[in-house]
Amino acid sequence: MAAREPLLKIEDLWVSVEGKDILKGVNLTINPGEVHAIMGRNGSGKSTLSYTLMGHPRYHINRGSIIFKGEEIGELPPDERAKKGLSLAFQYPVAIPGVSVSNFLRASVKAVRGKEIPVKEFRQELKAQMALLEVKDEFLSRYINDGFSGGEKKRLEILQMTLLKPALAVLDETDSGLDIDALKVVSTGINTLATEETAVLLITHYQRILNYVKPDFVHVFQSGQIVKTGGSELSEELEERGYDWVTQELTPSGVA
Amino acid sequence: MAAELRQPHETTDQFGDIRSIASDYKYGFKDKEDYVFKSGRGLTEEIVRSISAMKNEPEWMLKFRLRALDIFRKKPMPTWGNCKLLNDIDFDNIFYYIKPSEKGEKNWDEVPEGIKQTFDRLGIPEAERKFLAGVTAQYESEVVYHSIREDLEKQGVIFLDMDSGLREHEDIVREHFATVIPSADNKFSALNSAVWSGGSFIWVPAGVKVEIPLQAYFRINAENMGQFERTLIIAEPGSYVHYIEGCTAPVYSTDSLHSAVVELIAKKGAHIRYTTIQNWSKNVYNLVTKRAVAHEDAKVEWIDGNLGSKLTMKYPAIYLVGQRAHGEVLSVALSGNDQHQDAGAKIIHAAPNTSSTIVSKSISKDGGRASYRGLIKVYPEAKNSKSSVRCDALLLDEASRSDTYPTMEVDEKEVTIEHEATVSKVGEEQLFYLMSRGLTEAEAKAMIVNGFFEPFTKELPLEYAVELNRLIQLEMEGSVG
């Protein structure tokens, strides 16, 4: 085994939704603890990548492979992927009326960790993370995302990530719709999350969040492919010159 | 004589066939039949007379029964609801009266061993110890165990099985019995009136508040059994009582019939809450008439959960006959494969300033069918009456069905009536969201369903809420894969 086995290795991934090809040969390697950002226009297929990674039933893999922790996960249901250490913070988290946030968090942490957590211990852990994300106690007795503001939804997503401590957290447009204060708080959460144990794949349309979260790698997504890869400076370049610049260059960077 | 004593029975493996028929229904076990009396199949005048004679009833009750039998025979089957299933009922194949033991016991240890074990398995004595003020347990036609806390007895609260109620408090019974639901109300109330046996009789003196629930537990054991309990609750002015009933039966390949009549009378300023968790096995017809009268400033609540049965037709009703009376019906129905829950509510506003709320939530899955059937009636002069009706249906798959049949008859102008109905499907997105957090498909579905029922569950005592959530979880596991 290599000294450093990749956490995630996506090779030549082709995905269609309702018969329409969206991903057309994605290659991406993420090592443990790395922070990657995928940037791209709306409709470029970024969110399709996140849904495919998590195993949404409507996304069909036609070709290629997703190797996570050395195992092909393309056929696994979402819950098994979650148990293996993959997690997704949704761009549009759905409401589930009647189910309290606290019940849900406990059930989910129990499912992913594979064991019951003593109530007191769980409570303490939860309180600490909630303080960090400036989430009020009354949050816990509310129903999941039911009547939540955009900012509250995103905080709940990040709160879940910090409790589940996945090996890879995929954050799908977590920054969209946040005002600057909320963005700062959420970014603090992401930075707490991004440790040696947790790699982060940040999917975003705007460079803005990358002022607070420093990625190790930036990938430009276009027409269902990664067309360019660089360090964090790439995001600034994109911000200045726009996505058209990459299009004009038309030189896929040959990411390994 | 049509009836025979101690009918011989085949000895069956207690659990073998049950597992194969319904592996997910945990109350599906059956006991060996060991009865003091079991009537023959079918309904005759002789059976009605012998029931009354065995119970040593007063003459007026025998006459009441015989009149009701006559009405039952003359009345046609309802031509609404699920007519096909209704017409499948074979009245000649049913056992109308089974007496499991000589008498109802006040001491748990004296209940016949087999029956005691059954109720032990159902958790009744344990529940009683924990949080109930009184319990009756009915097995087939008769109450086999009954108890009430001493302090309530001292305050004058009467909690008896209906037969004992008639024997010991004939005057109160005669004054109120069948005043809310006359035998001629419908075919099944007539049937119940003819062959009724068991059920609860509760009388709460003026001003007494029974803070802890009283409970009755109904168990059908024999195949093709007909259980016809009769419950009468009278809350004198300013009193309060909460009554809970639960029901289960073994799983057989042929059908049983449960047809109860429940009458509630809430006098001035009284408050009655009546909670039902109906979890009959899926071979039981559950055709029940429940009605309450709420006098001035009184409040009546029906909290009605329907999980089991083959066909349920039940529409708890509240007649608001006094000023400012208030009625609430909160019901949930879970309808799975080969099940039809036809449930709803009826509220009659017959006095000014009365108010009512109906919340009905149904879930259909695996081809099951849930219907809401409701009536709001406002009589002339019932000014300033308010009513709000809300029906939410959740469909778990394409094969399942949900219908809503609301009726409004409003003969007064100065009223406020609201009606809202929604039908939704368990979304792929909701499932995906929960599964992405590690929950299996069954766990995710159960969580969504429990959430949908939450407005109901939160009205239950904690122990019941936990049990209900668990039952739903079992149902969901059974329906996946």
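Tutor: Start with pairing: two strands pair if DSSP finds at least two bridges between them. Helices (H or I, at least four residues) and strands (E, at least two) are DSSP runs, numbered from the N terminus. The model is predicted: local features need pLDDT of at least 70 and side-chain atom pairs pLDDT 80 or more, while totals for chains, interfaces and linings use all residues. Residues count from 1 along each chain as its sequence is written, and chains are lettered from A, ligands numbered from 1, in the order written.

Student: What joins strand S13 (residues 271-278) of chain B to S15(B)?

Tutor: 8 bridges join the two, and the strands run parallel. The definition asks for at least two bridges, so this is a pair. Within the pairing, B:Thr276 stands opposite B:Asp304 of S15(B). S15(B) also pairs with S18(B), in the parallel sense, over 8 bridges. There, B:Glu301 has B:Glu328 of S18(B) as its bridge partner.

Student: What makes S15(B) largely enclosed?

Tutor: Burial. A residue is buried if 20 or more other C-beta atoms (placed from the backbone) lie within 10 Å of its own, exposed if 12 or fewer, and partly exposed in between. In S15(B), 8 of the 8 residues are buried, so the rest of the structure largely encloses the strand. Both faces are covered. On one side B:Lys299, B:Glu301, B:Ile303 and B:Gly305 are buried; on the other, B:Val300, B:Trp302, B:Asp304 and B:Asn306.

Student: Is A:Glu121 buried or exposed?

Tutor: A:Glu121 has 9 other C-beta atoms within 10 Å, so it is exposed. This residue lies in helix H4 (residues 119-132) of chain A. Its C-alpha atom is 45 Å from that of A:Glu237, which is 116 residues away along the chain.

Student: What is the order of the 10 strands in the open sheet of chain B?

Tutor: The order is S4-S3-S7-S10-S13-S15-S18-S20-S22-S24, with mixed pairing. From one strand to the next the twist averages 10°. Within the sheet, strand S20 (residues 355-364) and strand S22 (residues 385-395) of chain B pair in the parallel sense over 10 bridges. B:Ser356 stands opposite B:Ser387 of S22(B).

Student: Why does the radius of gyration of chain A agree with a compact globule?

Tutor: The radius is taken over C-alpha atoms, and the globule rule is 2.2 Å times the number of residues to the power 0.38. For 256 residues that comes near 18 Å; chain A has 18 Å, so the two agree. The C-alpha trace spans about 55 × 40 × 40 Å along its principal axes. Buried residues make up 43% of the chain. Its secondary structure comes to 8 helices and 12 strands.

Student: How many residues does each chain give to the contact between A and B?

Tutor: Residues are in contact if their C-beta atoms, placed from the backbone, lie within 7 Å. Chain B gives 18 residues and chain A gives 21. On the side of chain B, helix H11 (428-435) and helix H12 (441-457) are the elements that give two or more residues.

Student: What covers the buried residues of H11(B)?

Tutor: The cover includes helix H2 (78-84) and strand S7 (96-100) of chain A, together with H12 of chain B. The buried residues are B:Gln430, B:Phe432, B:Tyr433, B:Leu434 and B:Met435.

Conventions: Two residues are in contact if their C-beta atoms, placed from the backbone, lie within 7 Å. Axes are lines fitted to C-alpha atoms, for helices over the stretch in contact, and angles run from 0 to 180 degrees between N-to-C directions.
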